[in-house]
Structure formats: structure tokens, C-alpha cells
Amino acid sequence: MFPTQRPRRLRRTAALRSLVAESSLVAGDLVAPLFVAEGVSEPRAIASLPGHVQHGVDSLRREVSALAALGVGAVILFGVPEVKDDLGSGAWNENGVTQVALRALRDEVGDAVVVMADLCLDEYTSHGHCGVLRGDGEVDNDATLELYQRTAIAQVAAGAAVVAPSGMMDGQVAAIRRALDGSGYQDTVILAYAAKYASALYGPFRDAVGVEIVGGGDRRGYQQDVRNRREALREARLDVDEGADIVMVKPAMTNLDVLSDLRRALDVPLCAYHVSGEYAMIKAAGERGWIDAPTVALEQLSALRRAGADFILTYFAHELAEDLAR
Ligand code: PBG
């Protein structure tokens with residue numbers, strides 16, 4: 001007549017729900033993506049990423065101090081250079097925008113917050129691809145590795161505690177690990193974008209960094225095919241074997257299965273990247289009053305923790321950390 005099993009008992013009060021919660025979300029689990037543009041004095045708004053800007057060095061310092069005060073775990077920098085070229089030389093130039101910003105942050109926050117640098121060439125190449133091009137227009141995997149090595153060394157010399165290769169070239173983690181170790185940077189952490197899918201959800205990010213791929217091209221020749229699941233495990237295992245300290249899955253919400261697979265198969269920390277398009281969709285629907293945006297954001301980020309992510313890169317980092325501090 002009456003049920004004996006009553007799971008609802010544990011949901012009666014907020015205190016009980018909190019006590020039995022299987023996962024948690026705290027500011028220290030969040031990484032804030034930040035854009036720093038060369039030659040910018042006043043922050044420039046990014047239309048498709050409401051609440052985000054292209055920082056100049058001064059506003060970047062202030063933002064990172066604020067994030068550190070809120071207890072946000074880390075920041076990851078993306079540079080927007082004034083001039084691009086075929087090789088993307090701004091990526092490793094010691095006076096390139098990311099290196100200048102990294103030195104400023106080392107001075108501003110030291111090790112109080114983990115400072116990460118996205119390691120790729122697409123923001124710096126005139127053609128918008130993540131590597132150098134061969135004569136036939138294809139991305140040259142092995143020639144690109146050498147440029148990633150230079151970029152890694154430049155970023156770490158400028159103060160990056162973590163480098164995060166995002167270009168999906170084969171062998172990139174091994175190449176970067178070798179270069180760092182050879183330069184005395186054995187302690188630098190590599191956060192590998194291990195399972196990174198070719199996705200239309202990166203649209204707002206490409207606006208933010210001013211990247212357009214030449215000839216209307218795409219990245220399907222090096223980023224993963226969304227139809228594949230097993231392949232993600234293969235990619236992640238390769239990265240761990242090559243020396244990755246942490247592996248990442250990206251985008252996040254379309255890859256909960258992958259997060260769950262990697263959590264079970266690997267014992268390194270796992271990170272999910274809730275990408276620009278995922279943020280923009282929530283913001284846009286929230287602005288129209290169609291959904292309660294902060295609550296939806298919390299639901300999605302909690303689902304990522306539940307699926308196995310130890311920490312999350314998200315454009316919600318600042319506002320969520322403020323909400324959590326209340
Ligand atoms: C490549 C890179 C991209 C993102 C992070 N690193 C763009 C791409 O692969 O086209 C996208 C992140 C986002 O959408 O938030 N440097």
C-alpha cells in the first residue's frame with residue numbers, strides 16, 4: 001500500500017540535499033577564458049560573448065586580480081595580435097601580445113591563481129589555420145610541431161604555469177614536453193586539448209579573436225568528427241602517453257559520453273571546456289526571457305562535474321564565482 005523505498009526523504013530540505021550531493025561546483029574548479037588584444041587601451045566588447053571583452057594589459061590585470069579574489073582556480077589566455085603572418089610568428093615572439101600579458105600577470109598575481117596559455121597558431125596566422133600550410137594548402141603537421149615548441153618555450157619563459165595545446169596536431173604533446181624539458185621547464189604542466197571536435201559552437205570565439213579561415217575552410221582535417229566516440233579515447237590515451245598531465249574534452253555538453261568514458265579509462269585529471277557557443281546560446285535565450293540563464297548555466301556545469309570533469313573552462317566563471325560567494 002505505502003512505498004517502503006522513499007528516495008524523496010533525502011530531498012526534503014536544502015541541507016539534506018547538500019549533504020548527499022554526489023558532486024559539487026566551487027570557484028576553485030573553474031577556469032576563466034580571457035582575451036588580450038594588442039594595441040588596446042580600453043576594453044572592447046565582444047558582441048557574440050556578452051559580458052566578455054578583448055582586454056588591454058591594464059584591464060586584464062584588474063580582471064585577473066578580481067578572479068583571484070573570488071577564488072577562481074585558473075585563467076587561460078588567448079592572444080589577439082595586431083599583425084598576422086603565414087607562420088603565425090606572433091605566437092612565439094617574446095614581445096607578442098600573449099607573452100607581454102603573461103609577464104604582466106606574473107607580476108600581478110604570481111602563483112595565487114593558475115595562469116594558463118592556450119597554445120595554438122590560429123589567432124596569429126593570416127590564413128586562420130592552427131598550423132602552417134604546405135604548398136597544396138593542407139596543414140603540415142610536422143612543420144607545425146616545431147612552431148608549437150617555440151611557442152611553448154616563449155609562453156613559459158613569460159610566466160605561463162600551464163600550456164594548453166589546442167591545435168590537434170599529431171604528436172604535439174610529445175614535441176612540447178621534449179622542448180620544455182630541454183629548456184629546463186620540467187615543472188610546466190601540459191593541459192592537452194585531447195578530444196577536441198570540429199564544431200560550429202566555436203563561432204563566437206572566432207569573433208572574439210578575429211579568426212577567419214581562408215577560403216571559407218574548416219578544421220575537419222585535424223579536429224575530430226562528431227560522429228565518433230571511441231576515437232576520443234584513442235586521442236586522449238595518446239596524449240597521456242606523450243606526457244599530458246591533464247586532458248580536456250571540448251565542446252562540453254555534446255560530449256558527456258566522452259567525458260564519462262575518459263573518466264573511467266584514465267587516471268589523470270579531466271577538464272571540460274564549455275565553449276563560446278554554449279555560453280552564447282544560454283545568454284541569448286536568457287536575454288529574451290525564454291530561460292533563466294544563471295540556473296541553466298548551473299545545471300549544465302553540474303552535469304559536466306557529474307559526467308567526470310574535475311574542473312571546467314567556462315565563460316560563466318566570473319559571474320558564477322560571484323554567485324557562489326553570496
Ligand atoms: C584554437 C581554439 C579554439 C577554441 C579554443 N582554442 C578555436 C577553434 O578551434 O576553432 C574555441 C573555444 C571556444 O569556442 O570557446 N586556438
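Q: Which polar side-chain atoms lie within reach of an oxygen atom of the ligand?
A: A polar contact is a pair of N or O atoms within 3.5 Å. Here, a polar side-chain atom of Lys-196 lies 2.7 Å from a ligand oxygen. For Tyr-315 the distance is 2.6 Å, and for Gln-223 it is 2.9 Å. This is a predicted model, where local features need pLDDT of at least 70, side-chain atom pairs count only at pLDDT 80 or more, and totals for chains, interfaces and linings use all residues. Residues are numbered from 1 along each chain as its sequence is written, and side-chain values use heavy atoms, without hydrogens and water.

Q: How many residues surround the ligand?
A: A residue counts if one of its heavy atoms lies within 4 Å of the molecule. The ligand has 18 such residues; the closest are Lys-196, Arg-206, Lys-250, Ser-276 and Tyr-315.

Q: What classes make up the shell around the ligand?
A: Eight residues are nonpolar, three polar and seven charged. Asp, Glu, Lys and Arg count as charged; Ala, Val, Leu, Ile, Met, Phe, Trp, Tyr, Cys and Pro as nonpolar; the others, Gly among them, as polar.

Q: How many disulfides does the search find?
A: A disulfide is a pair of cysteine sulfur atoms within 2.5 Å. The whole structure has zero. Cys-130 is in none; its nearest cysteine sulfur, that of Cys-120, is 3.5 Å away. Cys-271 is in none either, with the sulfur of Cys-120 nearest at 16 Å.

Technical notes
A polar contact is a pair of N or O atoms within 3.5 Å; within protein, one must be able to donate a hydrogen and the other to accept it, and residues adjacent in sequence count only if both atoms are side-chain atoms.
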